[in-house]
Structures are given as C-alpha cells and as structure tokens.
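Dear colleague,

Please find below the structure that I am handing over to you. My notes on it follow directly after.

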Amino acid sequence: SSSGSGSGSGSRSVGPGDPLFNAYRAGVARSASYVMASTAGDDGDARPLAINQDLLVYQARQMRNNALKMRLKDERKKMRLNAIRVFERAKAVDPADGRAYVGIGQLLQQLGDVDAARQNFQDGCDATGGDNAYIWQAWATLEERAGDVPRARQLYDAATAADKSHAAAWHGWGMLEKSQGNFQRARDLLVKGVRLVPPSRASPHLYQSLGVMAAERGRVQEAREHFKEGTKTEAGAQSAALWQAWGMLESRQGNGDQARKLFQRGLQADPQNRFVWLSWAVFEAKEGFVDRARGLLIKGCKLNPRDPPLLQALARLEAVEGNMEVARRLFEQGTKLAPGHQANWQAWAMAEWKAGSVDRARELFQRGVWVAPRSRNACRLFQAWGVLEEREGNVPLARQLYKCAVKSDPSSEKTWLTWADMEQGLGNDIRAGELRNLCVQQRAEEAVGSSDLSPAAMFGIDSALRPILRSLATLLGNQGGMPPLEGMGGNSVGYGEMGTSDRDVVGSEPLYGVVGSSEEFL
C-alpha cells in the first residue's frame, strides 16, 4: 500500500513524514522478505501454504479490533500500524487474496490517510483482476463517506457484478440510496440482495435494514415480518443488531414485555453490544423505571468504557433526576473522551438550561456548534439554542440560529415549524406561512431524493454565523466575538438565577448520539 498526502478528517494523516510510519514501512519490507523465504519450498518456487496467510489475516484483524479499545491515541496508532504490517505480510504470501487489501484500506482510513487507502484499493483491484467484490465494496464505502456519491454507485455496481451474492455490496448500495432519499430504489436493492444471497450465507443486515426502513415508513407489520425472517437464519439468530431493531419496534408499539424479551435475546447474542444496552435503558427510562435504566447504562459503560453515547445517556438520566453534580462530571468526561461528539454538548447544554444556568448553556451550545458547524447534527444544536434565545427574548439572535439550523439540515421539520411558530407569535403571519410552505416543499423534495434543490440554500451558514457571534459576544462579554476553544474553567461562565420551565426544554429537539446500529461486515 502506498502512502498519500491524506485527506481524512478528525485525525492527522499518517505518511512518510511520520517516524512511526517510516518504521512501519521498513518492517513491512523485512516481513515480506521473511515470509516469502520461510514459506517457499526447497526449489524456491513452491506456493506458500494458505494456512500461513489465514493466520496472518486473523492476527491482523485481532490487532485492528484491539486498537479500538485503547484509550491513548498514540497506542491506537501504533497498534494500527502493526496491524497494517501483518496484513502486508499476508499480502506477500498471496498478492491475489483480497482480504489483506480490505484490511489495510480500513486501517489507513482510521489513520486518516484516505489517499493511501484509495491507492491500496486500486492496487487490490489490479492484483485480483477486478473479480474481488470485497475490495470494490470497501472502496465504495470509502467514496460514500468522502461524499462522492456517483463514484460510490459505480463501485457498488462493480462489486455486485463481480459477485451477485455479495451481501455487503447490496446492503451498502441500498443504504446509500436511502441516504439520498431514494427509498424505493433502496428497498429494491435490499430485496434483491435477500433473494440472491444463498440461505447459508444470509446476511442479517439486509433483513434489519429492510425492517427498519419499513418501520420508518409506517409499515409495522411488514417490518415485523422482515425481522422475524431474519432471525430464522443462522446468522440472524446471532445478530444483536437485528434483535435490537425488533425490540425498538415493539417498544414504540407499546409492547413492553415483548421488547424486553427481544433486548435480552440481543444481549445473549452479543453481551457487549452498546446499541442494545442503550436502547433498552432508554426504553426503561421512558417507562419510568429509572433504577433499572441506570443499572443497564452502568453495565453498558463498564463493558464499553470508550462509548460516548452510553456515557451521555447516563449523564442525561442523572440530570433529569436532579443529580446535576453527577451529571456534570459525566458530561465533562464525555467531552474529554470524544470532543467531536455534538450530542453530548447539546445534552449538557440543555441540562444546564433546565437547571437555570442560562449563560453556561449558551457557552456549551456554542462550543458544540463550533466542533462541526456544517454537520447535520449541528442543526439540533442550533435549533435548541434558538429556542433558548427565543425564550430569553433575544429574537434576532434566535432567528439567526434557526437560519443556521435549516442550512445544516434542510429536512428538519422541527426546526422549520419552531421558527414559523416564533414568527407567528410575533405577529409575522405572512412570514410564518412562508416558512411552513418552505418546510412542506423541502419535505417533498426529500421524499423524491432531490435534497440538492433545498430552498434553504438561500441561507449561507458562514454569513449567518457572524451576527450570532457578535450577539453572543455582547451577551457573554466576549468583545472578540470568537467562541472559546480552550477548556472551560470553573469561573469562566456565570450561572443564571432564573429557572427554565420543562415546557421550554421540551420545545427543543433532543439529540441522541447513536451514529448507527449496524455492525461491520468484515
């Protein structure tokens, strides 16, 4: 695998200028020579034993998985580089085996070197003659994450052409189309995957995604059938994601006992699964069983000490129960664990707002937005912050925040209608009607997958942020107008004396930090 300049976000690219990377490349060269020399026969031309490659691939995958559990960034990087070294040794045994290319590509993406990952996948397709669906699918996933949707479609198409029974390609392509609003196309691809994948290799992810999509479209019985059929397969019976999705469906339908049984089945399949622990705990909290929910979250956090959503959920529970000091410690721990986890910033800000600490809530909203102001999750931060300012009487600032919210996520009906309600309350009935019409128009465009034509494109998020920063500078006494980027000290923010009613907090949309519920395929 060659190294590129890197374009990944969230971490520095690992390339030739990195001492660890240079040491890794030197180790790869020595390892490859050793593997070829030790596995060849007396004549030097014998084909290496396949078992040698299998063992190396297994060892590298274990190292890759162990890296996810390490707390220190440098330790994770070292472990990932060592895993790449072992994958390179496996590739040296048989350059036509695609598993090593897929593993290396995934690790390079985790290290932030996207260009090197692309080149690695291209090398893999060349070495395998374009017949390895796993490499095509992994490459398609990379391009999808990078935002190149047309290229991702081409690569998914190549993956299914290479192997029509490749479940991960059908699933990935279906999820891509769903994300673009092409629901019927997504359903067709998933159904085709279910039909073409042999029963012995049936993928629970296909059934789970079909069920979830049916539930989202209001087809409850159809969703149940998909979940039920999925759990009848050998892999589906052992899929925590499938049981969890089914349990969430039943919990929403008011079938509490059935939901609990399904969550239990999910934990039997995977006792460490963070999504099951979180979903079950949130369900119990909504049912009023606070102690049961707390116990589930504590167990989940112990089993997944580096999982921000579980920690955030526990902090929110403590805040709701009035244990604000405990909640603050947990929220702060979450921001240190994952500073880019916007859901935690929003949850903390809302907890402070409800506790009456308006100024501190403002600062937390501000810091959460500044993590990634263009992301979809930023929409809910902007929206909740806008509700706060509206209740505090800062209408111009609230209006600017709502503008930023619909720019971040034009499909957020909650934001459009909240903004419209504010304008109507101010007597601006014509403006309120225009906003509701824009909401309907945007929702219609989303339904047919035309989100690129968003009417919210009229709002520039950068220009909208400037008046927000100026207003906030006045409110917080920060004449520089820039959001604080350093850690928040104990005396950096004043505490408001006025309490906030439950109705005000409910008016802002809560944000749970679960990124996804599907497991990795490889």
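A residue is called buried when its relative accessible area is under 20%, exposed when that area is over 50%, and partly exposed in between. Please bear in mind that this is a predicted model.

By that cut-off Lys178, with a relative accessible area of 19%, is buried. The side chain of Lys178 forms a salt bridge with that of Glu216, at 2.9 Å from N to O. Because Lys178 belongs to helix H8 (residues 167–179) and Glu216 to helix H10, this pair ties together parts that are 38 residues apart in sequence.

The count of salt bridges comes to 28. Among them is the contact between Glu284 and Arg260, at 2.7 Å from N to O. Glu284 is in helix H15 (residues 274–286) and Arg260 in helix H14 (residues 256–269), so parts 24 residues apart in sequence are tied together. Both of these residues, Glu284 and Arg260, are buried. They also belong to a network of salt bridges that links Asp257, Arg260, Glu284 and Arg292.

A further salt bridge joins Asp409 to Arg376, with the closest N and O atoms 2.7 Å apart. Asp409 is buried at 12% relative accessibility, whereas Arg376 is partly exposed at 49%.

Lys192 lies in helix H9 (residues 183–196) and is partly exposed, at 36% relative accessibility.

As for cysteines, a search of the whole structure finds zero disulfides. Cys404 is buried at 0% relative accessibility, and Cys439 is buried with a relative accessible area of 3%.

With kind regards

Notes. Residues are numbered from 1 along each chain as its sequence is written. This is a predicted model: local features need pLDDT of at least 70, side-chain atom pairs count only at pLDDT 80 or more; totals for chains, interfaces and linings use all residues. Side-chain values use heavy atoms; hydrogens and water are left out. Helices (H or I, at least four residues) and strands (E, at least two) are DSSP runs, numbered from the N terminus. Buried means under 20% relative accessible area, exposed over 50%, partly exposed in between (1.4 Å probe, protein chains only). A disulfide is a pair of cysteine sulfur atoms within 2.5 Å. A salt bridge is a side-chain nitrogen of Lys or Arg within 4 Å of a carboxyl oxygen of Asp or Glu.
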